[in-house]
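Visitor: Hi, could you walk me through this one while I have it open?
Guide: Happy to, let's take a look together.

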Number of protein chains: 4
Amino acid sequence: MGSDVPNIVVVGFGYWGPNMARNFAHIGSANLAGICDGNPLMLEKAKIAHPGVKLYDSYDEVLRDDSVDAVVIATPVSTHAPLALKALEADKHILVEKPLAGNYHDALSVVEAAEKNGKVLLVDHTFCYQGAIRKIKELIDSHQLGDLYYFDSVRVNLGLIQRDVSVLWDLAVHDLSIIGYWIKEEPVAVSCTGSSHFEGKPEDVAYLTLFYSGGFIAHVHVNWLSPVKLRTTLLGGEKKMIVFDDLDPVEKIKVYDRGVVVEDNPVGDNLAPLAYRRTGDIWMPQFDMTEAIKVEAEHFVNCIRGKESPITGGKDALRIVKILEAAEKSLRLKGEPVNLEGDR
Amino acid sequence: MGSDVPNIVVVGFGYWGPNMARNFAHIGSANLAGICDGNPLMLEKAKIAHPGVKLYDSYDEVLRDDSVDAVVIATPVSTHAPLALKALEADKHILVEKPLAGNYHDALSVVEAAEKNGKVLLVDHTFCYQGAIRKIKELIDSHQLGDLYYFDSVRVNLGLIQRDVSVLWDLAVHDLSIIGYWIKEEPVAVSCTGSSHFEGKPEDVAYLTLFYSGGFIAHVHVNWLSPVKLRTTLLGGEKKMIVFDDLDPVEKIKVYDRGVVVEDNPVGDNLAPLAYRRTGDIWMPQFDMTEAIKVEAEHFVNCIRGKESPITGGKDALRIVKILEAAEKSLRLKGEPVNLEGDR
Amino acid sequence: MGSDVPNIVVVGFGYWGPNMARNFAHIGSANLAGICDGNPLMLEKAKIAHPGVKLYDSYDEVLRDDSVDAVVIATPVSTHAPLALKALEADKHILVEKPLAGNYHDALSVVEAAEKNGKVLLVDHTFCYQGAIRKIKELIDSHQLGDLYYFDSVRVNLGLIQRDVSVLWDLAVHDLSIIGYWIKEEPVAVSCTGSSHFEGKPEDVAYLTLFYSGGFIAHVHVNWLSPVKLRTTLLGGEKKMIVFDDLDPVEKIKVYDRGVVVEDNPVGDNLAPLAYRRTGDIWMPQFDMTEAIKVEAEHFVNCIRGKESPITGGKDALRIVKILEAAEKSLRLKGEPVNLEGDR
Amino acid sequence: MGSDVPNIVVVGFGYWGPNMARNFAHIGSANLAGICDGNPLMLEKAKIAHPGVKLYDSYDEVLRDDSVDAVVIATPVSTHAPLALKALEADKHILVEKPLAGNYHDALSVVEAAEKNGKVLLVDHTFCYQGAIRKIKELIDSHQLGDLYYFDSVRVNLGLIQRDVSVLWDLAVHDLSIIGYWIKEEPVAVSCTGSSHFEGKPEDVAYLTLFYSGGFIAHVHVNWLSPVKLRTTLLGGEKKMIVFDDLDPVEKIKVYDRGVVVEDNPVGDNLAPLAYRRTGDIWMPQFDMTEAIKVEAEHFVNCIRGKESPITGGKDALRIVKILEAAEKSLRLKGEPVNLEGDR
């Protein structure tokens, strides 16, 4: 079992699995060794898309196959943890679709098992591999924005309401992965509000605030009932501010040379002794346009080869699940803050 | 003292007073009888803008003048209640800049005094007089949207931070007036989060959620530190949904013929038996383009003449102040919900 | 040779051929029977994309194969006519990429040969099969716009400059097909201006005006050197006006209820006794979102089966080539008008 | 008659005159000494707007007044030349609304008279005083765009059709002034097409191409029948390209670091050995936001004082009128090119 061109099996060929299979098939550094799905219809689709690739209708058979180095788990959320644990026991590296698990306890067991078995655990927080997101991280890390004031994201559309998880686990999970990637500090508490508009269904609209020990604050608005699709993030800093519009094909990142300065002479009786610096230019930097999943697939291979460390590994995914769980609790309590720190 | 063409005196000629004076000077139904300001520089500006109009440097003098029918109070928030009470005692009708007062107690005393003295109390919630806002109210009231799901507003810009009130009292007050105008039901609780980024200054970013007894939910995002100016409201309904962009000079109101329908056959295992109706058209209705302050000024005159009842009267303003006060309390408690019902 | 599920061979697997092959492979009504290309590299790509489909490196072999009912010619423009003529002689139906030929003489010979041999000749003017373009045709044909005033199109981007044909033959050809599809009347003359910015290269910027016998006028702006991509068409009518933005994923078609009315009382001394009617709404109708090539592929099959007549047939394509040829002539003469009527 | 704070009289208080009067009243360097209009209603409006300013109902009286240093002529186009000539004879400096005259002959007589009498002649080509236009001139003059390829402007809206002049003289005049300001080279010929849609009325849609001796080309699209208002200019250069959108309140100027480079290895058989450089950033420089008319008014005063030379003087205006006249001629000839060079 040589890992130089690792053999990868994609498990689950529903909505996301085909994207994973396509990317592992196309990068030269890995070998798409098989596709596994319990549903014969899905296997039929896999056969058309990837003629010649081995098809499995049994997950156990995949795990028994010694030539398989790694599995990509693209199945429903509730099955992530059990499938991941079995794979780790069978000595396979794993790439798990987001979120790592539907609760903190399950997610923790996967992270611990991966550590114990010394296998790579990568979680598919795709946005962290997108060129624009990485470009903004560079701007943050090189202190071009100065101290950060706030993160504010709107991620809304007319989306299919899911039966078992709220819009938080479907959409806010993306923003939490971006926040974790951009912001070094950890949030200390979360407040979340929202509403469900169809009886017996999970929340379709939610608003989540993350509190930090300094003045920094993060807010995420997710909504499955919006007539328009919006993917807009504001990132306010002391020196510069960014508007990231993921739907704009050309002008995704706008960097505003604007900010606030403390002034000696108050402007008026009722106004604080602060002034705005508006005179700066606006700048739209270019960034790497490579498809995020391709970057991620190559990163997974490099982790297997021991050349890189997971950018979106178990601990990162665990923090996200922890915040989602706390947000759900706050949501039930109409926004009452829930602490994220301390032993749990 | 005949009220047929009432004599109006504008008190305070700072930021907002000039707009008020200009509109009362131009409508034929009222007479701009004077301008009052304690600051000689402001009186000098008033003289240039309105040559021939009587200037007062003393508020008491205005109130003693029997020919004055009404005063427009456009002074700092903290002075609204005392000036309003004195005007009512002097038997003048009043139009007060928003918010009516800086706290519920003061606002209540003004409302009670106006009722007792039988004078008109109008509060300057300007947006309720804007053509686009009134057009959307028509669409709501004629049930074209069906049951309402949510109200979501973003009102952010790089604005001057105020010394004594938070961004809630400066910006969210507008959304609360629009919500009160559009939505018949009353909110039962509020949760609010936010942050201040300059030591000793009030909150410059805030997020406010209003809970209602049904599934309807309202959310307001206000921010003084945004690099871009945004004024966008989403209004989701069962049958139709609206996007209101107040900054678009032409396409302010977009009505989307989209919604959610319950389906018999679930789409997939993990998805709820709901489907989206996306096939409808988008429609941008025209609306009255008259300047809102002009409509408001004429409405004030008609209220004085007894021909109309205040659209944004004392009780409406009181509810807004009550919500703002509760939101401030929730903000201190990191989002803990604060009830709005019950005797107070 | 039964045409009920006709056997189609795609000839040329460069830029456009793969799209054609993919669509004929996916519609149930036709059979993608083969792919032909003289370049082994292209055949290798075809093999990967369409495993199991017969590959031809010789066009003559395709034509000798009696089981082949039709060929899709997706080769460079200069080869269209010779390949088309050979296919018609071999009794095959043909679908030819746009433009039908590089000059009027060649195009005419293909049209005449198709008529003589009684075979289907369809030219790939894809836009005429796009839902939005067809929706606008409906609005025109149902007289909702009233008399038409003008057609104005901007089709610019940073595109690869072609060695042998000017931007007219690459981009304006699309607008000419749309004009032919929407406008019943024929243009009587053309004026064209433009410029080449690289020595020895064809024009990369061009402006084309079509004159009609009434007041209607059409203008097309094409440009390979634009920093931004624009695809915007204005269509002015007596009763309504349309803005078609092909790059807007949602709001492609906007119908403006605006126009001009003759007024009795002139507004001023210097102004004509005309007034604008601006009070109408804006409306964004929905339309069929099916991929245009798929609609076209199915239409080609239906033409072969004798169920439909070519929407973009030989005569339509011939008119377009005639206009392009006249425009080129006018371009050399710095805009001097060239007649399109008369015997040629 | 001291010119240090020159006394200015605005002649004509219709559409444009009030803007001129307001600006001359507000700049400290000039004195708005009077307003002249033959129409008593206009004088009444002037009285309200500028109480205390001397009103004239006779132009001759203005010219006889020795205290008047300069007149601003804001009357219908056909009166520009006669009023200007009389003012120059009366030894007044003049600022004339655009266009300087309705034909080349008249414009020339004014320019010659101003030279002979040694008075300042400024023509109100306002755009040349706008911050964004001046910023772009800086970028051009500092060679940041490299060699220029093309100028392309769209200036369309639903505008009041004028009785006596075509849309060229109303709208294209602005673009010609901008072209003259930005581009050092002179055009050698013009081709113009267009159409009139109302019997007996001048052209309401027009397209104008300016040819230059190199590859540079300029095109202007003006239209009074557009459902939407557009003010967009593309400026293509070898090194950088600009999109100027005058209607965007924030992002007026976008500088694209894109261009074309000659490549050694051709991309494909049918493509020229050129490639596009797309990797550059987009940049939105800030610029002076001062109202253009104010800048222009101060410039006029400085010209009177002898401190500056007219930026939009007689010769500039003359060239514009010459192009408009030639364009009208080409328009009658359906685009036939008309030379601009040579003795006339």
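**Helices, sheet and interface**

Guide: Let's begin with a pair of helices: H4(C) and H5(C) are roughly parallel to each other, a label used for angles under 35 degrees. Helices are DSSP runs of H or I with at least four residues, strands are runs of E with at least two, and both are numbered from the N terminus. This is a predicted model, where local features need pLDDT of at least 70, side-chain atom pairs count only at pLDDT 80 or more, and totals for chains, interfaces and linings use all residues. Residues are numbered from 1 along each chain as its sequence is written, while chains are lettered from A and ligands numbered from 1 in the order in which they are written.

Visitor: At what angle do H4 and H5 of chain C pack, and how far apart are their axes?
Guide: H4 (residues 77-89) and H5 (residues 104-117) of chain C pack at about 10 degrees, with axes 10 Å apart. Axes are lines fitted to C-alpha atoms, for helices over the stretch in contact, and angles run from 0 to 180 degrees between N-to-C directions.

Visitor: Which residues meet there?
Guide: From H4(C), C:Ala81, C:Ala84, C:Leu85 and C:Leu88 meet residues of H5(C) including C:Val110 and C:Ala113. Contact means C-beta atoms, placed from the backbone, within 7 Å.

Visitor: Switching to the sheet, what is the strand order?
Guide: The order in chain C is E3-E2-E1-E4-E5-E6, an open sheet of six strands with parallel pairing. Strands pair if DSSP finds at least two bridges between them.

Visitor: Which strands are at the edges?
Guide: Those are E3 (54-56) and E6 (121-124) of chain C, each pairing on one side only.

Visitor: And how many bridges join E2 to E3 in chain C?
Guide: Three bridges join E2 (residues 31-36) to E3(C), and the two strands run parallel. C:Ile35 stands opposite C:Leu55 in E3(C). Helix H8 (residues 292-304) of chain C packs on the sheet, touching E4, E5 (93-97) and E6, and its direction makes about 170 degrees with that of E6(C).

Visitor: How many residues are in contact between B and A?
Guide: 46 residues of chain B are in contact with 46 residues of chain A. The largest share of chain B's side, six residues, comes from E11(B).

Visitor: Why do you say the copies meet through the same surface?
Guide: Because 100% of the interface residues of chain B are also interface residues in chain A.

Key. Two residues are in contact if their C-beta atoms, placed from the backbone, lie within 7 Å. Angles under 35 degrees count as roughly parallel, over 145 as roughly antiparallel, 65 to 115 as roughly perpendicular and the rest as oblique.
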